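Trainee: Could we walk through this one together? I'd like to go from the fold down to single residues.

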Amino acid sequence: MKNRSAFTVFFRYVFFGLIYFHVSGAVSLAKDKLPEVPPTARAPVDTLFHGPLDRGIKLVYQDRFPEAILLFDSLQEVFPHHPAPYFYRAATYQSWMSSYRFNKFQAQLEADVQKAINIGNELLKQRQEDPWLNFYIGAAYGYRAFFKVRSWNFIGAYVDGKKGIGNFNKALEKDSTLYDVYLGLGAYHYWRTARSSFIRVIAFWMPDKRDFGLEQIEFTIRHGRYAPEEATLALVTSLYDYKKYQLAVEVLERFMAGYQTQLISSLYLHGRLLVEFQRWPEVRETFAEILSRLENYLYPSIGYQVECKYWMALALQGENQPQEALALAEAALAQSKLRNKEVELEGQFDSFEDIKGRLEKLAKQLKEAAKS
């Protein structure tokens with residue numbers, strides 16, 4: 001289960017959900033060498049949507065998801081025959097639900113993704129030289145591939161993943177300065193190796209390109225137009241998976257320094273990294289802050305609240321406060337019985353059952369220690 005949850009995290013990243021099962025050599029990815037560009041080089045703007053897209057991204061990175069949805073709703077009304085508004089809205093739904101771990105808008109998200117694909121492919125017949133159409137279509141195919149993976153439709157996922165990667169490469173062929181695409185390619189290169197156990201039977205020959213994938217993601221941070229923030233979180237998540245904790249925390253803390261109010265997703269990543277360094281007071285404070293945002297939220301996630309309490313209890317144990325730790329662990333276990341898995345999403349790195357198992361083990365240890 002833990003691997004399945006880690007498998008899921010790759011697809012959270014807005015704009016670039018590429019499928020692990022794409023191993024065909026028929027579709028070439030970007031060359032194993034990054035383009036040489038000046039330090040100040042930036043990807044071009046999408047002249048048709050730059051203004052609302054820029055505002056929408058700012059709203060997303062303030063955790064103001066309902067406002068971002070309203071903005072893209074308005075954009076869709078003005079441009080009903082373009083894939084971009086549907087994709088932006090789908091990406092916002094995905095980020096919102098993943099950040100707070102609920103799935104209320106999954107049907108709307110999937111419908112928007114399908115519209116982005118259908119409308120984009122139709123428009124591409126008229127505007128064959130437009131790289132942005134391939135950009136949006138490729139990202140939408142990536143999302144749809146993920147939905148099929150979750151339904152265990154691996155053949156369908158393979159086909160959609162192949163189409164997604166193909167569209168990304170076509171976008172680069174039409175405009176080599178569309179640097180945001182390298183986030184998707186970099187995430188693909190990293191995670192196909194990091195989770196190669198899923199595909200080892202059919203891809204035992206697959207080379208380890210994790211480091212190159214990280215370089216591609218970093219390239220997007222430096223030179224992308226719309227994806228640097230998402231690329232930063234993708235990089236931190238990949239570094240965490242790679243067990244490069246010191247580098248991950250340095251990247252994340254630089255990112256967090258630019259925000260007066262921290263994103264819930266940034267707080268979570270920071271908390272998990274602090275655990276690795278056993279910075280227990282900060283761990284407890286970080287997950288207490290996340291918990292305060294989750295409690296009484298419009299779309300509750302009991303599983304996420306339980307996980308926060310687990311890390312807080314573990315921190316209390318590390319701070320030599322076993323009675324407080326036991327009380328919190330037992331409260332979390334009691335709360336876990338209220339979880340409805342049908343309305344929640346799993347965490348980035350661990351399934352709910354993983355966390356619950358750790359909670360039970362921690363509570364048992366604390367009880368035994370109290371008796372001795």
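Mentor: Let's start with a term: a crossing is left-handed if the near helix is turned anticlockwise from the far one by less than a right angle, and right-handed if clockwise. Helices (H or I, at least four residues) and strands (E, at least two) are DSSP runs, numbered from the N terminus. Also, this is a predicted model, where local features need pLDDT of at least 70 and side-chain atom pairs count only at pLDDT 80 or more, while totals for chains, interfaces and linings use all residues. Residues are numbered from 1 along each chain as its sequence is written, and side-chain values use heavy atoms, with hydrogens and water left out.

Trainee: What share of the residues is buried?

Mentor: Buried means under 20% relative accessible area, exposed over 50%, and partly exposed in between (1.4 Å probe, protein chains only). Accessible areas come from the Shrake-Rupley method with a 1.4 Å probe, and for residues only the protein chains shown count as cover. The chain exposes about 16,300 Å², with carbon and sulfur atoms supplying 52% of that. Of the 372 residues in the chain, the buried share is 59%.

Trainee: Among contacts between residues at least 6 apart in sequence, what percentage join residues at least 24 apart?

Mentor: Contact means heavy atoms within 4.5 Å. Take the contacts in the protein chain between residues at least 6 apart, then keep those joining residues at least 24 apart: that leaves 71%.

Trainee: Are α2 and α3 roughly parallel or roughly antiparallel?

Mentor: Axes are lines fitted to C-alpha atoms, for helices over the stretch in contact, and angles run from 0 to 180 degrees between N-to-C directions. Under 35 degrees counts as roughly parallel, over 145 as roughly antiparallel, 65 to 115 as roughly perpendicular and the rest as oblique. Helix α2 (residues 50-60) and helix α3 (residues 65-78) pack at about 160°, with axes 8 Å apart. The pair is therefore roughly antiparallel.

Trainee: Which residues of α3 meet α2?

Mentor: The crossing of these two helices, α2 and α3, is left-handed. From α2 come P52, L53, R55, G56, L59 and V60, and they meet F65, E67, A68, L71, F72 and L75 in α3.

Trainee: And by class, how many residues in the contact of α2 with α3 are nonpolar?

Mentor: Ala, Val, Leu, Ile, Met, Phe, Trp, Tyr, Cys and Pro count as nonpolar, Asp, Glu, Lys and Arg as charged, and the others, Gly among them, as polar. The contact of α2 with α3 has one polar residue and two charged ones, and the nonpolar count is nine.

Trainee: Where does D63 sit, and what is its phi?

Mentor: D63 lies in the loop between α2 and α3. It counts as buried because its relative accessibility is 14%. D63 is not a glycine, yet its phi is positive, at about 60°.

Trainee: Is R101 buried or exposed?

Mentor: R101 is in the loop between α4 (83-100) and α5. Phi of R101 is positive too, near 60°, in a residue other than glycine. With a relative accessible area of 5%, R101 is buried.

Trainee: Which residues does D112 touch?

Mentor: D112 belongs to helix α5 (residues 106-124). At 0% relative accessibility, D112 counts as buried. Leave out residues up to four places away in sequence, and D112 touches Y86, R89, A90 and Y93.

Trainee: What does D160 contact?

Mentor: D160 is in helix α7 (residues 154-174), and a relative accessible area of 1% makes D160 buried. Neighbours within four places in sequence aside, the contacts of D160 are Y141, R144, A145 and K148.

Trainee: What is the handedness of the crossing of α12 and α13?

Mentor: The axes of helix α12 (residues 264-276) and helix α13 (residues 280-294) come within 9 Å and cross at roughly 155°. The two helices are therefore roughly antiparallel. As for handedness, α12 passes α13 in a crossing that is left-handed.

Trainee: How does α10 run relative to α12, roughly parallel or roughly antiparallel?

Mentor: Axes of helix α10 (residues 228-241) and α12 come within 11 Å and cross at roughly 25°. That makes the pair roughly parallel.
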